[in-house]
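Here's a quick briefing to read alongside the model. Have the sequence and the 3D view handy as you go.

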Amino acid sequence: KKDQWIMGIETSCDETAVAIIKNGREMAANVVASQIESHKRFGGVVPEIASRHHVEQITIVLEEALNQAGITYSDLSAIAVTEGPGLVGALLIGVNAAKAIAFAHGIPLVGVHHIAGHIYANRLVAEMKFPLLSLVVSGGHTELVYMEEHGHFEVIGETRDDAAGEAYDKVARTLSLPYPGGPHIDRLAHEGEPSINLPRAWLEEGSYDFSFSGLKSAVINTVHNAEQRGEKIVPEDLAASFQQSVIDVLVTKTGRAMDEYKVKQLLLAGGVAANKGLRAALEDKFANNPGIELIIPPLSLCTDNAAMIAAAGSILFEKGIHSGLDLNANPGLDI
Ligand code: KG4
Ligand code: ZN
């Protein structure tokens with residue numbers, strides 16, 4: 001049987017990424033060109049700058065991925081690309097590159113939802129077993145996604161305001177830490193004690209939704225009040241307290257959903273899945289849960305990458321779900 005080679009392209013935010021996956025699960029190439037240095041001084045991603053960098057980088061990253069895998073475009077079975085959600089100008093660079101390659105080489109095109117990609121990063125780690133639950137925590141999303149089969153996503157809970165990663169980045173900014181702040185808060189949290197009392201938004205009984213804006217505001221108020229009184233807060237303790245609040249809510253709601261939906265697997269996904277405290281808490285709570293397998297991808301597959309897009313694309317391709325050459329970037333795409 002002929003090998004299946006799927007190329008993935010991801011340009012939804014500030015990483016220009018191309019990867020090649022062999023036979024659905026084997027990583028043959030994984031190239032990520034990060035733009036973080038260019039956005040840092042603005043304290044966040046500047047859409048126009050992101051688009052310009054994607055234009056500059058995309059051909060270089062494509063070439064490098066083909067070199068890493070040791071194949072040419074004519075070997076590809078399909079080309080998968082993030083069609084949304086994300087920054088429209090950034091998405092368009094990837095979508096147009098994918099369309100050009102698909103058209104020039106007569107390769108099937110597969111549009112992939114960015115969050116489906118994050119979830120399918122787990123397929124590069126372990127075989128997916130259904131029904132499963134995925135906790136998706138990124139800069140733009142915080143969702144509990146229930147899956148009964150491949151390609152079928154049911155959002156059973158989501159954030160009503162800030163995403164978890166967004167809250168991390170805003171809290172980091174309040175503490176004058178560089179963008180993206182998640183990893184910095186994570187590091188500080190491990191050096192501090194969760195001694196400061198901060199709220200936890202449980203919402204209505206039984207709800208799987210999340211809310212992090214109240215917590216974020218509480219952190220900002222704590223810092224401002226201390227400043228006004230001329231007191232010093234210990235950033236490590238504030239980071240530890242904030243992180244503990246986020247983790248308590250994420251882990252508790254995930255645990256309840258796992259029980260209610262009687263899932264076989266829990267998959268962690270998204271940039272905040274790189275958080276050491278969250279990984280440890282999930283392992284502590286669920287790793288020895290009989291009958292439920294906990295899957296946590298390596299750090300490089302948690303933050304934005306194209307291997308996850310190729311992994312998701314491979315499944316859609318096998319199901320015969322292809323896109324036409326009229327595929328367009330869709331910044332508000334629903335999963
Ligand atoms: O999935 P991702 O790379 O991009 C989006 O699709 O949004 O997630 C980026 C987010 C940022 O908010 C970043 O601060 C956060 O993931 N992040 C972390 C950690 N590493 C990245 N948050 C907490 N702890 C970390 N170690
Ligand atoms: Zn992402």
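**The ligand shell and the sheet**

The shell around ligand 1 is made up of 6 nonpolar, 10 polar and 3 charged residues (Ala, Val, Leu, Ile, Met, Phe, Trp, Tyr, Cys and Pro count as nonpolar, Asp, Glu, Lys and Arg as charged, and the others, Gly among them, as polar). A heads-up: this is a predicted model, where local features need pLDDT of at least 70 and side-chain atom pairs count only at pLDDT 80 or more, while totals for chains, interfaces and linings use all residues. Residues are numbered from 1 along each chain as its sequence is written, with chains lettered from A and ligands numbered from 1 in the order in which they are written.

**Around ligand 1**

- Ser138, Gly139, Gly165, Gly182 and Gly271 come nearest of the 19 residues around ligand 1 (near means a C-beta atom, placed from the backbone, within 6 Å).
- Helices α5 (164–174) and α6 (182–189) each give the shell at least two residues (helices are DSSP runs of H or I, at least four residues, and strands runs of E, at least two, numbered from the N terminus).
- Ligand 1 lies between domain 1 (5–119 + 302–318) and domain 2 (129–296), because both give residues to its shell (the bounds come from an automatic or database domain assignment).

**The sheet**

- Five strands form an open sheet with mixed pairing, in the order β8-β7-β6-β9-β10 (strands pair if DSSP finds at least two bridges between them).
- At the edges, β8 (154–158) and β10 (293–295) each pair on one side only.
- β9 (residues 265–269) runs parallel to β10 over 3 bridges, and Leu267 stands opposite Ile295 in β10.
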